[in-house]
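Here is a short note for someone opening this model for the first time. Please keep the sequence and the 3D view side by side while reading.

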Amino acid sequence: MSLTDWETVIGLEVHCELATETKLFCGCPNDFGRSPNTNVCPVCLGLPGSLPVLNERAVEFALRVGEALHCDVPEESIFHRKNYFYPDMPKNYQVSQYDEPICGNGWLTVPLPDGAARRIGIERAHLEEDAGKNSHVGGGSGGRVHGADHSLIDYNRAGVPLLEIVSKPDLRSPEEARSYVAELRGVLEAIGVSDVKMEEGSLRVDANISLRPAGSEKLGTRTEIKNMNSLRSLTHALEYEAERQAEVLEAGDAIIQETRHWDEEAGRTYSLRSKEESHDYRYFPEPDLVPVVPSAEWRDRVRAAMPELPSARKARLIESWGISDTDASVLVSTPGLADYAEAAVGAAANGSGRDVTNWVTGDLLAHLKESGAAPADLPLAPAGMAELLKLVGDGTLSRPLAKEVLSAALSGEEGGSPAAIVAARGLAQVSDEGALAAAVQAVLDAHPAEVDRYRTGEDKDRKKLRGFFMGKVMAETKGRGNPQVLNRLLDAALPTGP
Amino acid sequence: MSSSDGLVGRTAVELAELVRRGDVSAVEVTDAHLARIEALDADVHSFLCVGGDVARAAAADVDAARARREDLGPLAGVPVAVKDMFCTTDLPTTAGSRILEGWRPPYDSTAVARLRAAGAVVIGKTNLDEFAMGSSTENSGYFPTANPWDLGRVPGGSSGGSAAAVAARFAPLALGTDTGGSIRQPAALCGVVGMRPTYGRVSRYGIVAYASSLDQAGPFATTVTDTALLLETIWGHDPMDSTSIPAAPEPALARLEDGVEGLRVGVVRELTEVEGIQPEVRAAVDSARNLYEKAGASVEVVSVPSVEYGLSAYYIIAPAEASSNLARYDGVRYGLRAEARGSGGVPRKDSEVAAMNAATREAGFGTEVKRRIMLGTYALSAGYYDAYYGQAQRVRTLIIRDFARAYERFDVLLAPTSPTTAFELGAKTSDPLAMYLSDVCTIPTNLTGACAISVPAGLDAAGLPIGVQVLAPALGEAVLLRAARALEVGFAFAGVPKLGEEAAP
């Protein structure tokens with residue numbers, strides 16, 4: 001059997017850091033980048049006698065997710081304690097939801113690589129607190145616990161609210177998994193519950209993956225893959241793991257149910273110690289908290305305030321801007337990009353949706369990928385993008401010049417203002433016929449041999465020579481000549497034939 | 001008033017009035033009690049830590065506030081002994097455990113903060129069974145406390161230090177916690193009043209957790225009035241405790257003297273006829289019954305059949321919660337850290353954190369704590385959860401239902417507090433089950449989350465105090481205290497243990 005004879009079955013657990021003002025159970029700010037162990041209090045440090053109080057905003061965010069993912073939201077959900085010893089857990093138990101989560105049984109429609117769309121089942125979504133962060137130091141350990149001299153723990157992250165969204169094992173390929181996460185990320189962003197930055201860890205994905213013979217209904221033994229920090233590494237890790245499992249199965253061996261770590265540099269997954277797998281977490285209801293019972297009014301308010309979701313937004317953009325499905329997908333699935341494009345269209349002339357989309361999904365997206373910046377942080381604001389379009393529309397800039405201006409604006413030149421860049425660099429397109437005609441004549445005068453060959457040449461040669469003249473004229477005008485005008489003038493000035 | 005001798009043995013109401021009027025200073029009151037502790041606590045060992053200068057400074061603040069003619073709080077200048085389960089920023093908090101030896105919390109428990117706001121002076125932190133696990137204070141990680149009535153006997157527990165301190169007149173008031181009877185049982189054994197309020201009535205914030213769904217803080221005093229005064233100082237909603245009751249409590253102190261005319265009192269048969277009950281304790285319950293009838297209440301016997309399962313349910317639920325609550329004592333962040341040792345007792349330089357955790361817990365926890373952690377861990381384990389923890393919770397539901405049925409017919413219930421008076425030090429230390437049985441009459445209230453109080457009812461033939469217990473439904477503090485006050489008037493118990501030179505023949 002080869003990989004094509006196996007069906008890949010994938011389910012994803014997405015840990016989403018909720019963008020609340022404060023932590024899940026205390027008043028400490030929910031933000032990052034402070035010095036270690038300064039953003040803490042008796043509650044998130046789990047000091048003796050401290051007690052948790054649930055952050056209502058986190059509940060509201062979970063309700064929004066439940067609404068967006070069509071989940072059943074029970075009238076009452078409760079928290080449990082998940083007991084295990086780990087130094088980054090201040091209480092040696094994690095307060096989490098277990099068998100009565102706030103969201104159960106929903107679905108997300110995911111556009112798939114083949115152009116179709118499919119409902120992917122959502123098993124559940126539950127609230128839980130994050131742990132602190134270990135760093136392992138010294139001993140040539142390379143930051144890993146084994147062989148380190150000692151470990152340091154920063155509890156600033158302890159108590160940060162997480163929503164764990166668990167899909168059903170409905171995904172059938174690494175590409176589908178990628179599409180699911182991209183779509184989910186767009187949803188979480190649209191409903192304003194998270195800043196969804198995978199690279200910064202505010203969206204963390206663990207994957208359960210197994211293989212089964214094509215056509216079989218029975219699930220195979222799965223492995224859980226951790227440490228995938230981007231959509232790209234998710235795809236790569238799952239591709240690697242599917243192949244690894246196929247090789248194991250084809251050699252007649254059994255898959256060991258275990259957690260495996262994705263090593264981005266080595267491009268492989270490796271087994272974490274499997275003896276830690278058989279945890280008995282001794283779950284029991286958290287006696288320090290009361291059940292979460294969101295009122296009907298509250299849930300109605302959340303429902304009424306739901307913003308447009310990416311799938312609806314995509315349909316609307318295709319409809320109103322006349323753009324392609326692919327472009328619309330790129331806009332809504334790239335964090336912040338559709339907001340940017342809509343703001344630019346709003347600031348520009350009517351009917352500019354298509355032009356904005358071309359710029360935004362082209363040069364601008366390339367810049368985002370290269371720089372890692374978010375659209376909202378670009379020096380070129382949406383209004384600036386509208387300005388650029390206007391400069392092209394009124395003939396001030398040619399397309400090549402516009403690309404140059406865009407690049408300059410994105411790197412912050414002249415405060416990101418296209419008009420200011422055009423002025424400073426003297427880039428405005430020259431359309432003055434007198435000046436351009438003089439330039440054309442100067443080029444023809446300077447190349448009499450070529451003009452002569454043009455006159456006597458075959459059509460093929462004439463075409464080549466015409467390109468040569470056009471290039472020279474452009475150079476003469478320092479690239480600023482209006483190409484349409486130049487074309488016309490050049491045609492008029494060139495001899496018509498033998 | 002120049003002599004401090006007249007200041008000890010007074011009630012909190014009296015002391016607060018003397019300070020308010022300016023007849024004595026708060027510092028004089030504090031000094032008088034510190035002097036008595038200094039002189040006599042070497043025999044009783046009720047304090048793990050005496051406030052000393054910290055207490056004097058708090059008293060001086062009260063005097064300064066009075067000098068500035070500021071309004072004084074209801075407990076201004078009154079010394080209060082605090083069980084060492086309550087976090088205090090100015091005194092170490094150990095929960096009676098070596099694993100927290102010397103730990104200074106960065107925050108005050110809500111109950112202590114409210115005491116301070118009312119002008120009370122924290123005179124010291126009292127001894128207890130480690131993490132409140134015990135009924136004799138012999139499980140303290142430091143030393144046992146003696147019963148002031150007979151230094152060869154236990155004061156009860158786990159709040160034995162607080163009960164003994166109030167009985168010995170080291171302070172007119174004390175705070176305790178009651179998870180299975182840890183306020184009421186020692187109050188009975190030491191001849192003072194001790195009350196467990198409704199679950200959620202007093203904030204648990206800043207109280208070291210033993211069993212979260214059962215823990216509740218409450219007052220000790222020599223009188224029911226002082227008990228009500230202390231309760232009203234510390235009770236009420238606290239946003240820092242999610243299980244705190246939001247509704248404002250019905251005032252209790254103001255209704256204390258309203259009497260019991262027409263009150264319906266039920267005597268709980270199963271608790272009065274409990275196996276091994278001392279005849280004198282049973283006789284005290286009968287006396288209480290007569291006192292109520294004389295005061296115009298109606299009394300009948302009532303059966304609450306499920307209470308006989310209470311002890312078993314408690315010893316699943318409490319250890320289960322404790323096994324989780326005590327997981328945080330691992331040597332990583334605060335308290336004791338023991339080095340893991342390899343063969344030959346040499347510290348292992350390469351020791352993994354798990355080995356350090358284990359060594360710390362091995363060295364820092366006492367036998368009873370370890371026993372309950374293991375019991376609770378087992379009860380929560382996969383495959384056993386439903387048979388143990390699940391079953392215990394169902395028993396709890398059953399007991400709640402049985403009591404609710406009883407309260408359809410009665411306003412309050414009557415029962416012994418402890419089946420026996422104080423037992424000798426060491427008598428039950430080797431038999432945990434016998435020790436557990438001394439809480440059989442108090443545990444049902446913890447399981448139902450309701451309130452109950454122990455009132456002194458006299459002395460047995462050996463001269464040891466007997467307590468009777470009044471129980472009321474959840475939120476029934478006002479009727480409970482009023483009913484207790486009637487018994488106090490009826491019994492007119494005025495006994496004070498003799499210590500030091502007073503005890504000399």
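How do the axes of helix α5 and helix α6 of chain A cross, and within what distance do they come? Point 2 takes this up, after a word on the source.

1. Ground rules. This is a predicted model, in which local features need pLDDT of at least 70 and side-chain atom pairs count only at pLDDT 80 or more, while totals for chains, interfaces and linings use all residues. Residues are numbered from 1 along each chain as its sequence is written, and chains are lettered from A and ligands numbered from 1 in the order in which they are written.

2. The helix pair. Helix α5 (residues 310-321) and helix α6 (residues 325-333) of chain A cross at roughly 140°, and their axes come within 9 Å. Axes are lines fitted to C-alpha atoms, for helices over the stretch in contact, with angles from 0 to 180 degrees between N-to-C directions. The two helices are therefore oblique to each other; angles under 35 degrees count as roughly parallel, over 145 as roughly antiparallel, 65 to 115 as roughly perpendicular and the rest as oblique. The crossing of α5(A) past α6(A) is right-handed, that is, the near helix is turned clockwise from the far one by less than a right angle.

3. What meets there. On the α5(A) side are A:Pro310, A:Arg313, A:Lys314, A:Leu317 and A:Ile318. On the α6(A) side, the residues include A:Asp325, A:Ala328 and A:Leu331. Contact requires C-beta atoms, placed from the backbone, to lie within 7 Å. By class, the contact has six nonpolar, two polar and three charged residues. Ala, Val, Leu, Ile, Met, Phe, Trp, Tyr, Cys and Pro count as nonpolar, Asp, Glu, Lys and Arg as charged, and the others, Gly among them, as polar.

4. Chain A overall. The chain has 15 helices and 13 strands. Both are DSSP runs, numbered from the N terminus: helices are H or I with at least four residues, strands are E with at least two. Along the principal axes, the C-alpha atoms fill a box of roughly 95 × 55 × 50 Å.

5. The interface. Here 25 residues of chain A are in contact with 36 residues of chain B. On the chain B side, α10 (310-325) and α11 (353-364) are the elements that give two or more residues. That side holds 20 nonpolar, ten polar and six charged residues.

6. B:Ser306. Look in the loop between β8 (298-302) and α10 of chain B. B:Ser306 is buried, with 20 other C-beta atoms within 10 Å; 20 or more means buried, 12 or fewer exposed, and in between partly exposed. Beyond four places in sequence, its contacts are B:Val395, B:Leu398, B:Ile399 and B:Asp402.

7. Backbone points to check. Most residues other than glycine have a negative phi, and most peptide bonds are trans. B:Arg69 has a phi near 60° and is exposed, with 7 C-beta neighbours inside 10 Å. B:Thr137 has a phi of about 65°, but is buried, with 34 other C-beta atoms within 10 Å. The peptide bond from B:Gly157 to B:Ser158 is cis, with omega near 10°. B:Thr137 lies in the loop between β3 and α5 of chain B, and B:Ser158 lies in the loop between β3 (121-126) and α5 (160-167).

Conventions. Contact = placed C-beta atoms within 7 Å.
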